[in-house]
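Here is a short briefing to keep beside you as you turn the model around on screen.

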Amino acid sequence: MPSSNTPSDHSANPIDPVSSPSRAVHETPLYYQSLIGLLKPLYRLQVWRRSHKNDNYQQEIDQRFGKQYPPRPVVNADIDKGVIWCHAVSLGETNTVAPLLNMLLANGYQIWLTNTTQTGFARGASRFAEQIAQGQMSHSYVPVDSPAVIETFLTHVQPIAALFVETELWANILTKLSQHRIPSILVNGRLSASSFQSYQKIGAVSASMMKNLSLIIAQDSDSAKRFRQLGASSAQIRVAGSLKWVINASTTDDKAVEDNSIHSKKADLRAEFGIADRPVWVAASTHDGEEAAALSLQQQLLSQATLADTLLVIVPRHPERFDAVAELIQKTGLNMARRSDGDMISADTQVYLADSMGEMMTWYTLANVAFVGGSLVDIGGHNPVEPASVATPVLMGRYTQSCQSVIDKLAEVGALYQPSNDFYCPVESNGADSQMASDDQLKANKKSSRKKTAYNREDAVSIYTQLETWLSNLPLAAQAGQAGEQMTTQQQAVLTRQFTMIEDAIEMSSNQDNL
């Protein structure tokens, strides 16, 4: 993508915070500003260590430190509502906010998207490749939280509003936005108990950030309460539900959800991959340690005569781990086929390594059961709505603080099983034998939920029992999946709610500026 020679070379007028009436600006504490100044060279060294071997290293450095940016989005001749800056830290936040950005684009806004991580940047580039190519959207790494760099960035981008996804907030950025009378909005805001405690340790900085935010759109009442305790006023906060409920698909990837008929699509995909009659489960968005757990479960399944033809599809979260996971599978002695090698799934394939990008919904759609990663290890859990939206029942470990409210709702209808979740209620079965299996499994669930420890043997037994129950009775698994699909459909209104709140905040800010 072409870049402008200097960040300030564009046709828009530079921001002038002095030319309009002043607003209350809550200055960042001096100790924080001094600390950021001291850490800036160290951060540059950290970026070099992490990224200097990457092809886009110079691009990343230039964008993080305000040296060079892509051109601003192209103004739509028919409707031009202005550029909205949206910051999403990594892959998960980018996926979560993508449907909201699509709605903003469809309603006449242009978008400038920033990411922090390499994974998030790659996802942003692929997820919005068409919009970036058409000039509706520009894309860069986030600027460091240095006042001079932020000033350069804002002068170039000229945003009418700034969106921050979930909990990624920077004090100097929010102060600068407040100085320039640019509304700053926390979308899909979530503040876990552990994050709240971390923010409390820097109370003065946290209070300045809360007060400089124009609007906080919280996922749930618990998060809203914690934002208030950090210094936000009740007038700043709205509770709207979680964007994680919104199905995230685009025209350039995730082809599995193009067809509204999920059930016919499942059958078509299974036939396409030659697995029409096999029990299939996917371990998706896995992290180090979770692939080994999944392979252990697969070996247990294969030892049973009735499940000896079960296929496991593994989809690691990060591409840089693909080769390491391939080696791990080979060490188990299980027969592996690999997506990147163009291997076909044969009757002898026991593990399929889906080492590709942009195909997650394909794997979720063809599977009978999905394990969603980042939940057996302390990552916080990745979004279970994607498999639920295509009528695939879900398994997760107990580390799910990033999406617990979503998980609890899916557990209540029997679409998601989690060892430590007391909300779980199995779907009713049409057969006595499968009901007996479900009852036995529920007893194991209740026993394991009494012990709130890290992933252990008890968790492994409970997860295996549920996995075995669903794979041994595919109609029962399908019932659970249908319950998840129905719940997901019911929750889609959250997208419109958050969009409307953003537009209202922008309009209110514009009206105040015109007074």
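The notes below go from the whole chain to its pockets and then to its aromatic rings.

This is a predicted model, so please read every value below as computed from it. The chain has 515 residues, and 56% of them count as buried. Its secondary structure consists of 20 helices and 14 strands.

**The chain as a whole**

- Taking contacts between residues at least 6 apart in sequence, 71% join residues at least 24 apart.
- The accessible surface is about 21600 Å², and carbon and sulfur atoms account for 51% of that area.

**The largest pocket**

- This pocket holds about 850 Å³ of space.
- Its lining has 45 residues, and L91, G92, E93, R317 and H382 are the closest to the pocket centre.
- Two or more lining residues come from each of α3 (91-106), α4 (118-127), α8 (193-200), β9 (311-316), α14 (360-366) and α15 (385-389).
- Helix α3 gives the most to this lining, with five residues.
- By class, the lining of the largest pocket has 21 polar, 15 nonpolar and nine charged residues.

**The second largest pocket**

- Here the space comes to about 490 Å³.
- There are 21 lining residues, with L213, S214, L215, M508 and Q512 nearest the centre.
- At least two lining residues each come from α7 (171-179), α9 (203-212) and α20 (494-513).
- Helix α20 supplies the largest share of this lining, six residues.
- The lining of the second largest pocket divides into 10 nonpolar, six polar and five charged residues.

**Aromatic pairs**

- The chain has 10 aromatic pairs.
- W85 and F153 form an edge-to-face pair, because their ring planes stand at 65°, with the ring centres 4.8 Å apart.
- W85 belongs to strand β1 (residues 83-87) and F153 to helix α6 (residues 147-157), so this pair ties together parts that are 68 residues apart in sequence.
- W85 counts as buried because its relative accessibility is 0%, and F153 counts as buried at 0% too.
- Y352 and W363 are also edge-to-face, since their planes are at 65° and their ring centres are 5.7 Å apart.
- Y352 sits in strand β11 (residues 351-353) and W363 in helix α14, 11 residues apart.
- Both Y352 and W363 are buried.

Methods
Residues are numbered from 1 along each chain as its sequence is written. This is a predicted model: local features need pLDDT of at least 70, side-chain atom pairs count only at pLDDT 80 or more; totals for chains, interfaces and linings use all residues. Side-chain values use heavy atoms; hydrogens and water are left out. Helices (H or I, at least four residues) and strands (E, at least two) are DSSP runs, numbered from the N terminus. Buried means under 20% relative accessible area, exposed over 50%, partly exposed in between (1.4 Å probe, protein chains only). Contact means heavy atoms within 4.5 Å. Accessible areas come from the Shrake-Rupley method with a 1.4 Å probe; for residues, only the protein chains shown count as cover. On a 1 Å grid over the protein atoms alone, a cavity is a set of points where a 1.4 Å probe fits but cannot get out, and a pocket is an open set with protein on both sides within 12 Å along at least five of seven lines; lining residues have an atom within 4 Å of a point. Grid points are joined across faces, edges and corners, and a volume is the space filled by probe spheres set on the points. Ala, Val, Leu, Ile, Met, Phe, Trp, Tyr, Cys and Pro count as nonpolar, Asp, Glu, Lys and Arg as charged, and the others, Gly among them, as polar. Rings of Phe, Tyr and Trp (its six-membered ring) pair if their centres lie within 6.5 Å; planes under 30 degrees apart count as stacked, over 60 as edge-to-face and the rest as tilted.
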